[in-house]
Structure formats: C-alpha cells, structure tokens
Amino acid sequence: MKEKEIKKASETFLFYTRLNLSELTGLKAFSLGDLLERIKEVPESSIYHHTHRFLQQHQYLSPEPPNDFAYWVTNALGEKELGEELASIDTVQFSTIAELRGAFVAVIENYIREEPEAKLKATHRSNAFYFMKSVSFILPTGYEANDLPDFCRIMENISIDSIYFHIFEARLRIGKKTNDFSYWIENSLGNKKLADAISRLDPYTYTLEDLRSTITQKALKYI
Amino acid sequence: MARIEEYIPIVGQATIDDLRRIGNKLKGKVIQNINSTSVGGGVAEILNRMVPLLKELQVDARWDVIKGGAQFFEVTKKFHNALHGKKEDIKQEDFDIFMETSRMNINEIDTYGDIVYVHDPQPIVLIDKKKDNKWVWRCHIDVSNPDKEVWKFLKEFVVKYDAAVFSSPSFSWKLPIRQFLISPSIDPLSDKNRELPQDVIDGVLSKYGIVKDKPIISQISRFDRLKDPVGVISAYKSVKQYVDCQLILAGGGASDDPEGVLVLEEVREKAKGDPDIHILLLPQDDITVNALQRASDVIIQKSLKEGFGLTVAEALWKGKPVVASAVGGIPLQITHKYSGLLCHSIDGAAFSIKQLLNSPKYAKKLGENGREHVKNNFLITRHIRDYILLFLSLYFQEDTVYL
C-alpha cells in the first residue's frame, strides 16, 4: 500500500521558549489613585508581568482573576465591582502592551469618575500592591519541525513554557489575532483548516497541558 | 545527593533541557557563593544541594565560607533577630565586633568570582573588595519590619552591590540598585520530601503511639509563640466536638531556646488529659517529619507571623489538604479554596479543618491542586532556573533578552 505523502513545510518551525525572572521596581500602591498613577508610568514589562504572570504560574484552571490588578482591587481595597471589570479585560485580545495598559487606565478612570471617593480608599501598609516587572529571556529550544509529524512529536515533549510562548504571546509579537502554530500551519504547510481549528481554541479555558494534548490531537488527524 | 537527571520524572525532560541550555550561557563565568556556615541552617542546606546541581549543568559554581568567632556570631544572631523586628539590645561594641571580623575576612577571603553571590548579612562587608566583577546580595531574611538602626547600618553596604535578591515583595526596600524576587524552594528528592514506603510511615506512627483508626491533623513547627501551637490545640478541641480525631504537634528541640521551653510547657498544659494529642519533641529527623506529614489527613500551619513558610510547600507537595494562616509567604503558596484553605483566626481554622475532614473528596482536590502549584513554582529546579537567569541578567540591562 502506498504510504500517505507527508507534506514538507516551506519554512521550518523553530520552537522557542520564554523564561521570566521577576524584578522588583520599588514602586507600591496603597490606594486606587496610586494604582492608577503607577499603571500609567511603569514600564511595559511591568504591565506584562501583572497581566501574564498567572498564566505561567497557575497553568491549571485557577479561580484567581486573570490579572494582579483585579485581584488586589477586589481583595485589598474591597472594590468588587471594579475588580470584576478589571478581571473581564480580555488580555488575549490586545496586540500591544500599550493598548492593554490603556484598557486598564480607561476602566479605572471611568470608575473613579462615577465613584470619586473610591480613589482615596487606601489599604494597610501590609497589603500594598508591589509593582514588579518580568525580565524575559527568549531562547531557542533546539527543536525544529519541518512537517506535521515532526510538529506532533515535538509538541508531546516541549516544555509548557514553550507552548505558552507560541500561543499566548504570539499576538503581542506578531500583532495578529492568531498564534504561532496556526500561522505556521497555514502559511508554511498550507493547511488552513487545521490552522483555524487551533486558532479558534480559547486558550484561557484550557490548562497548558490540555492545550498541548488538544493541539496535538487535532494535528494528528491530518497525518 | 540527587543528580539532575533524577528530577526528570518529576518536572519533565524539557525543563531540565531548558536548564542545561541557559546554564550553558554562563560558560566561562565563575559564580562564587559566600555565606557564614557550611552546615546547619537553611542557606547551607540549599547551597549544599544547589552547588552540585549547578556544576552538573556546567555552571562553574563554587562556595566559600567566612570565618568568625563566637562573639561575631552572637552579634550576627542579634542582627538577625533585629532584622526580623525583634527588640534587641545592640550597642556600638556589637557593630565594632562585626566590623573587626569583617575586616579580617576581607583580608583573608579571595573574591575571585566573576559573580560574587553573598548570602545574608554576615559576609555583607566583603563588598568593600568589589573590583570590576559583579556582586549580588541574597537576603534570605524577612526584613519587612526591621530594627531601623541595624538596617541603616547594613544598607550602606547593600547599596554598593550590583543587585539584591529578596524572597517576597514585601521584604524589599526602595534601593538604588536592581532588586529581584526569588522564592525559596523545596527539594522533592530530599529525605524530608521524597516518597516513603508505607511501612516506614507505619513504623514512625507506631514508634510514637499514634493509631491509624482516627483522622490525623498535624502541625509540624518549632514550639514558638509565632507558630501559635496553643491556638492549634484550641482549634483541634473545637473540631473534636464533631469529629473524633487526633492532633500531632511536632517540632524541633527547644532546650537552647528559653522561650521555646516556656511555650512547650504551655502547650503541654493546654493538651493535658487528652490522649489524642501527641506532642513530639523531635530531634533533627527529616524522615520522621516526612512520615508524619504523609500520615496526616489535614496539615495545619497556623502561624501568627511567617517568613516564607516552606512547611506549607512541603505539605502541599505531599498532596495534603492544608489549613494555614494568610501571613508572610503563605498566600503565595495557597489560593484560598483552590489549593488549600487560608484562615485568620482559631475559629476560622477549626471550621476549615472540620470541612476538610467531612469532605474527603474536596480535601483531595485541594491537595492535588496544591501539589501541582508547588510542582510549578516551589521546587528546587525552578530555584536553579531563577538563579541562572539572575546571573545572566547582570550582563543585560534590557527587559527582554534574546539568548
């Protein structure tokens, strides 16, 4: 029986990974007003840290709000309504950190306009918000895929940090509403159907391990 | 001592591959650790494990120890307590003794490292030998509320370093140097944390007369007021009205600590007449601690104040449901109702313990989630990764580094 021909990619997929080190900025917030001012001035790597950290640290389904600002506003300031609004900011929809920062600023400013006294509400020193930033190290993993079987084999063994990098951060890097895997599968393998199937996944509702197996299973169907 | 390959079944091949890859980027750099003792204490414990593992990853890590007499270490003990916020009678003479020994160490110790990694305050003055190499000060202490005089004295040296490392954001201060956050870790292959055969666990229980036919709740901590062992007994008594259970309070020797002796007496008094309370004054015996944790149905850490509270990570690593106070580094380890239960009072602790004993499925789920969280964030492999990234970061100013 003739074996099914395996399509070679026009470009090799290089698996990268991103490892983060947390750096303290020395900036703190005790009130909503402080928080707003700091969000406006901290480096982008700080906004990145407080909105993406949980994905790598809680790579299983977690009940925590998906960003540190929402968590602090809810638990330290007791502003549940604002906390919910901040938690609802869909990080994955933004293709630049500047836009994401703008979204947090807009939500808080809007809330303060409606509830001016909320700006002054402060928490105890021990509950301060500590602004941190991520120092990110991006490096090749040495794994390379030239076709779909390569891709599936590597997906089974790659670290979850690498999966995180190619799924969650692709938008911020390539500025497109897709992920690196779909982009490569569509453009280098010409398999739009599989690319779309992976692109449609809502990564927030999967653990990274589940994403690994779901993507691999979908890809295996085309081998 | 475990080899790096032995961690692969726990954290996966890819994680170890990543460590090798980043370790390789430090080729040609000598990392010189300096602390005050090669045995005893948490810093020596972590360096004893970390240095050989770094070497296996081709990182040229070395370790030197400063010298000091009894007087010097009495002073540094006072400094340690004062940095933790305890009131200490510190005189000019103490600072003089500290500086005199420090000067002797400056003359005697060769600071040959490309990166000199100084742990805790004892060797801090060595920074005065800094040339064009990189120096990092690793603070393992909770300095969130220090004695101002001692902190001011030490800060003059801290600011001469290239960077400082703290275990929790709340321990950090506004400083003119870079500051990093690196959490401590546990070693899943150490005697305190490795898997144990059931007969070893049973042997420990039988040695201490603990039966297996009643649920066991335990707190394993020093007999120290800040660990609130008396409060734990109150919580247990409240639970006992509804669930027939046993309590183990186990901790290290208190003979050299006058306050510890008093606390132990109070604990014994409070426990009097209840044969289901087991108060165990343990010598340093990691296997026994491991066995007692593994035999427990619920593990408590009802501290009033805590540094990082790694006993919580140890318990979670064993897949145990944990009830712990929301103090120090504990909230970093437990997300309430997800990977354990946080409490703020004796009544709160009692309610949570009861809930876990009565809902074994829920308790099991919390334990599983807790273990997963520790696996991802508090194992020695993550600690090694952070250390290598820290050393690399000294050579880059950017927030995103392409290696």
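## A left-handed crossing in chain B

In this predicted model, helix H4(B) passes helix H5(B) in a left-handed crossing. H4 of chain B covers residues 70-83, and H5 of chain B covers residues 92-108. Their axes lie 9 Å apart, and the packing angle is about 120 degrees. H4(B) is therefore oblique to H5(B).

Which residues of H4(B) and H5(B) meet? From H4(B) come B:Gln71, B:Phe72, B:Val75 and B:Lys78. From H5(B) come B:Asp94, B:Ile97, B:Phe98 and B:Thr101. Sorted by class, this contact has four nonpolar residues, two polar ones and two charged ones.

Now take H2(B) and H15(B). Helix H2 of chain B spans 13-24, and helix H15 of chain B spans 380-393. The two pack at an angle of about 20 degrees. Their axes are 10 Å apart. An angle under 35 degrees counts as roughly parallel, so H2(B) is roughly parallel to H15(B). The crossing of H2(B) and H15(B) is left-handed.

H2(B) brings B:Thr15, B:Leu19, B:Ile22 and B:Gly23 to the contact. H15(B) brings B:Thr381, B:Ile384, B:Arg385, B:Ile388, B:Leu389 and B:Leu392. By class, the contact of H2(B) with H15(B) holds six nonpolar, three polar and one charged residues.

Helix H4 of chain A runs over residues 80-87, and helix H5 of chain A over residues 97-114. Their axes come within 10 Å. They cross at roughly 160 degrees. Parallel or antiparallel, roughly? Angles over 145 degrees count as roughly antiparallel, so H4(A) is roughly antiparallel to H5(A). The crossing of H4(A) and H5(A) is right-handed.

A:Leu82, A:Glu85 and A:Leu86 sit on the H4(A) side of the contact. They meet A:Phe104, A:Val107 and A:Tyr111 of H5(A). Five residues in this contact are nonpolar, none is polar and one is charged.

## Chain A from end to end

How many helices and strands are in chain A? It has 11 helices and two strands. Read from the N terminus, the elements of chain A run β-α-α-α-α-α-β-α-α-α-α-α-α. The C-alpha trace of chain A spans about 75 × 30 × 25 Å along its principal axes.

Chain A is divided into two domains. Domain 1 of chain A takes in 8-17 + 135-220, and domain 2 of chain A takes in 25-134. The C-alpha centres of these two domains of chain A are separated by 29 Å.

## The domains of chain B

Chain B is also assigned a domain 1 and a domain 2. Domain 1 of chain B consists of 4-185 + 379-393. Domain 2 of chain B consists of 198-377. Their C-alpha centres lie 30 Å apart.

The two domains of chain B touch. Seven residues of domain 1 of chain B are in contact with nine residues of domain 2 of chain B. On the domain 1 side, two of the residues are nonpolar, three are polar and two are charged.

## Where the chains meet

Chain B gives 33 residues to its contact with chain A, and chain A gives 26. Which elements of chain B give two or more residues to the side that touches chain A? They are helix H2 (13-24), strand S6 (178-181), helix H14 (360-377), helix H15 (380-393) and strand S13 (400-402). The side of chain B that touches chain A has 13 nonpolar, 12 polar and eight charged residues.

H2(B) and H15(B) turn up in both pictures. They pack with their axes 10 Å apart, and each gives two or more residues to the side of chain B that touches chain A.

## Confidence in the prediction

The model scores ipTM 0.87 and pTM 0.90. Chain B has an average pLDDT of 93, with 99% of its residues scoring at least 70. Chain A has an average pLDDT of 89, with 92% of its residues at 70 or above.

Which elements of chain A have the lowest and the highest mean pLDDT? Helix H8 (residues 170-174) of chain A has the lowest, at 71. Helix H1 (residues 32-41) of chain A has the highest, at 97.

Definitions and conventions
Residues are numbered from 1 along each chain as its sequence is written. Chains are lettered from A and ligands numbered from 1 in the order in which they are written. This is a predicted model: local features need pLDDT of at least 70, side-chain atom pairs count only at pLDDT 80 or more; totals for chains, interfaces and linings use all residues. Domain bounds come from an automatic or database domain assignment. Axes are lines fitted to C-alpha atoms, for helices over the stretch in contact, and angles run from 0 to 180 degrees between N-to-C directions. Helices (H or I, at least four residues) and strands (E, at least two) are DSSP runs, numbered from the N terminus. Angles under 35 degrees count as roughly parallel, over 145 as roughly antiparallel, 65 to 115 as roughly perpendicular and the rest as oblique. A crossing is left-handed if the near helix is turned anticlockwise from the far one by less than a right angle, and right-handed if clockwise. Ala, Val, Leu, Ile, Met, Phe, Trp, Tyr, Cys and Pro count as nonpolar, Asp, Glu, Lys and Arg as charged, and the others, Gly among them, as polar. pLDDT is the predictor's confidence in each residue, from 0 to 100.
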